[in-house]
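Subject: A structure for you to look at

Hello,

Here is the structure I promised to hand over. Have a look at it first, and then read my notes below.

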Amino acid sequence: MAKRVFSGARPTGRQHIGNYFGHIMNLIALQEEYDCFDCVVDLHALTTLESTVTLQQDISDMVLDWLAAGVDPEKSVILVQSHVPEITELHLLLSMVTPLSWLLRVPTFKEKVKMNPQNVNYGLVGYPVLMTADIVLYKGEVVPVGEDQLPHLETAREIVRRFNSTFGDVFPEPQAKLTEFPMIVGLDGRQKMSKSADNHIEIASSPDEIRKRVSSAFTDPQRVRKSDPGRPEICNVYSLRRIFTPDKVEEVAAACRSAEIGCVQCKKELAEAIADYFGPFRERREQLAQRPEYVREVIEDGARRASVAARATIEEVKTAMHLK
Ligand code: SF4
């Protein structure tokens, strides 16, 4: 039997190139080999969200992008975290076996406290417990993660071990599956591509929007005039060209170093390649968007299928904990 994979992603609305290569491509590849649960973790989003007004639209836009890109609801269970209420029950039960010291040492918790000392809420501290509950509610055995999330998964494994040693072997210990695609740097050339840094390109953008975004990208600051030789190795446009024009990168590097190509032309070629790459995706997305009820049906079906697994786990947990 195929192993079960649990993947969680916060509802971030229309997806960008970093989401596509860092998450969506993984969902598409994993569904061929594993029994996948692809979850939009809306409750996690509440730990840092100031407003929830766009939450439903963000969920819908994100799932639409997944579906148009090739995540297949026949192969994967696509669900929204809060649509299966057993998650909150398991979160509470697991919190009883989780020492507070384990949660306070998690690096992302420390970072968030530094960034936002006015909003250190209870949910933020308990984030790793909720993440553990997400995985084990569906008996997830494999969790795709980036390097930066390994400490979270280690905490999840510790919570599972603590629960199993106290109440008996109920949960499999989840294993990390490191995602291999390199981090996509944003158009500012400084930080990871993200909406909050406004350095992203949405994959559903029109060719015109893509051109506009790419034309604003940071390049080699030493190239003031077209005749200045460039340094492709430090240029973010070049790193994107490695992905979207792989057969031309050597030529581009040489032309950049000898100042035969200017940044305007180089960006134009990149923008066209990105627009072409996502052309079939845009077409499929437009088709799916004509059926506004489709995304809702997919996530309702996901909740039904996920609930069967969730109810069975909660029964087992309550029996093990002598709560029934
Ligand atoms: Fe970057 Fe291209 Fe300009 Fe060279 S020519 S600095 S690779 S944008």
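Helix α4 passes α8 in a right-handed crossing, a crossing being left-handed if the near helix is turned anticlockwise from the far one by less than a right angle, and right-handed if clockwise. Before going on, please note that this is a predicted model, where local features need pLDDT of at least 70 and side-chain atom pairs count only at pLDDT 80 or more, while totals for chains, interfaces and linings use all residues. Residues are numbered from 1 along each chain as its sequence is written, and side-chain values use heavy atoms, with hydrogens and water left out.

The helix names follow DSSP runs numbered from the N terminus (helices are H or I, at least four residues; strands are E, at least two). The axes of α4 and α8 (residues 127–137) come within 9 Å and cross at roughly 120°. Axes here are lines fitted to C-alpha atoms, for helices over the stretch in contact, and angles run from 0 to 180 degrees between N-to-C directions. α4 is therefore oblique to α8, given that angles under 35 degrees count as roughly parallel, over 145 as roughly antiparallel, 65 to 115 as roughly perpendicular and the rest as oblique. On the α4 side the contact (heavy atoms within 4.5 Å) is made by E86, I87, L90, H91, L94 and S95, and on the α8 side by V129, L130, T132, A133, D134, V136 and L137. Sorted by class, these are eight nonpolar, three polar and two charged residues. Ala, Val, Leu, Ile, Met, Phe, Trp, Tyr, Cys and Pro count as nonpolar, Asp, Glu, Lys and Arg as charged, and the others, Gly among them, as polar.

The second largest pocket also involves α4: α4 (86–95), α5 (100–104) and α7 (122–125) each supply at least two residues of its lining. Among the lining residues are H91, S95, Y122 and V129. On a 1 Å grid over the protein atoms alone, a pocket is an open set of points with protein on both sides within 12 Å along at least five of seven lines, a cavity is a set where a 1.4 Å probe fits but cannot get out, and lining residues have an atom within 4 Å of a point. The pocket holds about 220 Å³ of space; grid points are joined across faces, edges and corners, and a volume is the space filled by probe spheres set on the points. Its lining has six nonpolar, five polar and no charged residues.

The largest share, three residues, comes from α13.

Helix α13 also packs against two other helices. With α11 the angle is about 40° and the axes are 10 Å apart, in a left-handed crossing. With α10 (residues 207–215) the angle is about 140° and the axes are 9 Å apart, in a right-handed crossing. That α10 contact includes P207 and I210 of α10 and L270 and I274 of α13.

Happy exploring!
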